[in-house]
Amino acid sequence: MRVAVVGATGMVGQVMLQVLAERNFPITELIPVASERSVGKTVSYKQKDYTIVSMADAIAIQPDIAIFSAGGGTSLEYAPLFAEVGTTVIDNSSAWRMDRTKKLIVPEINAHTLTSSDKIIANPNCSTIQMVVALAPLHKKYHIKRLVVSTYQSITGTGVKAVRQLKNEYENAKGEMAYPYPIHRNAIPACDVFEENGYTKEELKLVRETQKILDDRSIAVTATAVRIPVVGGHSESVNLEFRNEYELNDIRTLLNNTAGVTIQDNPDTNTYPMPIYAEGKDDVFVGRIRRDHSQENSLNMWIVSDNLRKGAATNAVQIAEYLLEKELV
Ligand code: A2P
């Protein structure tokens, strides 16, 4: 199994290498790729150094799988070139997610739709993945009519530049800014860029990707995405209105039996999900599960997950594992 990791020096790329190693993905040849300025440098994988190669050199090797996390522009340009030589690309950028000919995969929900002709597979946005992992079983049983989500997102989702900005601000040092404002002691209600309709791209990803993954365009979704000075993961306040009636205990049982979900919910012991505990873990943590008394068949929950792991690297590696298990690569 020849595996290229494109964007191997980046925030997600580094976690990708870590997750591949931890899960012992059967790699026979690791091909780390980054921008031209990094070619010749090394990255570490399982305590060994691997030399970063250029995109052209990586394509020439014809890897079996290429996991991309190097920005949308890079994916748009290079994913088809890998696909042409027979590589299956798992792309972590937003480049292909809403393309009708590409599948948007969260393995627990829709990996069964994959076939060997899917040569570019899209990995959803981090804030969408953690939300749908918890929502999918509830939607199946009670049918979500409308959902309102507000996010409290980690700066790691922006990349290394944002982590540096926060560090500089802690230390009162000057440096490059990833955001138009300080992030230390702040909350910025603008993740990614604004669209003409007044929503940010991140908010629209939550709307469109949720409908695509749950395969139901009738779910009404509205989102507000906020960046906060946190590193361990994204948190989300989710309000759901179901078409069907539910019992709170059944919701808990259902979530308890859902792969990839851990419930942390006990007001008596101040137990609820938080990024400091989600960091470094693969699960989606759900808590503050309570009935919304303002409206029929409605529910509130709080969902937290490490955006670099289940929100990006782990989900991508799980897709790769599925492809391998089903002999689709
Ligand atoms: P490099 O380190 O050489 O800039 P992040 O989102 O954390 O900033 O990481 C982005 C990742 O994408 C880095 O590994 C970066 O490499 C890589 N990258 C950026 N542009 C390109 C490109 N044109 N070709 C290949 N990799 C790229």
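Glu321 comes out as partly exposed because its relative accessibility is 24%; the class covers what lies between buried (under 20% relative accessible area) and exposed (over 50%), using a 1.4 Å probe and protein chains only. This is a predicted model, where local features need pLDDT of at least 70, side-chain atom pairs count only at pLDDT 80 or more, and totals for chains, interfaces and linings use all residues. Residues are numbered from 1 along each chain as its sequence is written, and side-chain values use heavy atoms, with hydrogens and water left out.

Now to the partner: the side chains of Glu321 and Arg23 form a salt bridge at 2.8 Å, N to O. The pair ties together distant parts of the chain, 298 residues apart: Arg23 sits in the loop between helix 1 (11-22) and strand 2 (29-33), while Glu321 belongs to helix 10 (residues 309-325). Helices here are DSSP runs of H or I with at least four residues, strands are runs of E with at least two, and both are numbered from the N terminus. Arg23 is also partly exposed, given its relative accessible area of 31%.

## The wider salt-bridge picture

A salt bridge means a side-chain nitrogen of Lys or Arg within 4 Å of a carboxyl oxygen of Asp or Glu. By that rule, the whole structure has 16 salt bridges. Arg23 and Glu321 also belong to a salt-bridge network, together with Glu22, Asp282 and Arg309.

## Two lysines, two aspartates

Asp118 and Lys103 pair up through their side chains at 3.0 Å, N to O, in a salt bridge. They link distant parts of the chain, 15 residues apart, with Asp118 in the loop between helix 4 (107-110) and strand 8 (120-122) and Lys103 in strand 7 (residues 103-104). Asp118 is buried, at a relative accessible area of 10%, whereas Lys103 is partly exposed at 24% relative accessibility.

Asp99 and Lys102 make another salt bridge, this one at 4.0 Å, N to O.

## A negative patch

Over on the surface, Glu245, Glu247, Asp250 and Glu296 cluster into a patch of negative charge. Patch members need over 30% relative accessible area and no salt bridge, and like charges are joined within 9 Å. Asp250 lies in helix 8 (residues 248-256) and is partly exposed, since its relative accessibility is 33%.

Methods:
Patches are made of residues with over 30% relative accessible area and no salt bridge: like charges are joined within 9 Å, nonpolar side chains (Val, Leu, Ile, Met, Phe, Trp, Tyr) within 5 Å. Accessible areas come from the Shrake-Rupley method with a 1.4 Å probe; for residues, only the protein chains shown count as cover. Lys and Arg count as positive and Asp and Glu as negative; His and the chain ends are not counted. The place of a charge is taken as NZ of Lys, CZ of Arg, CG of Asp or CD of Glu.
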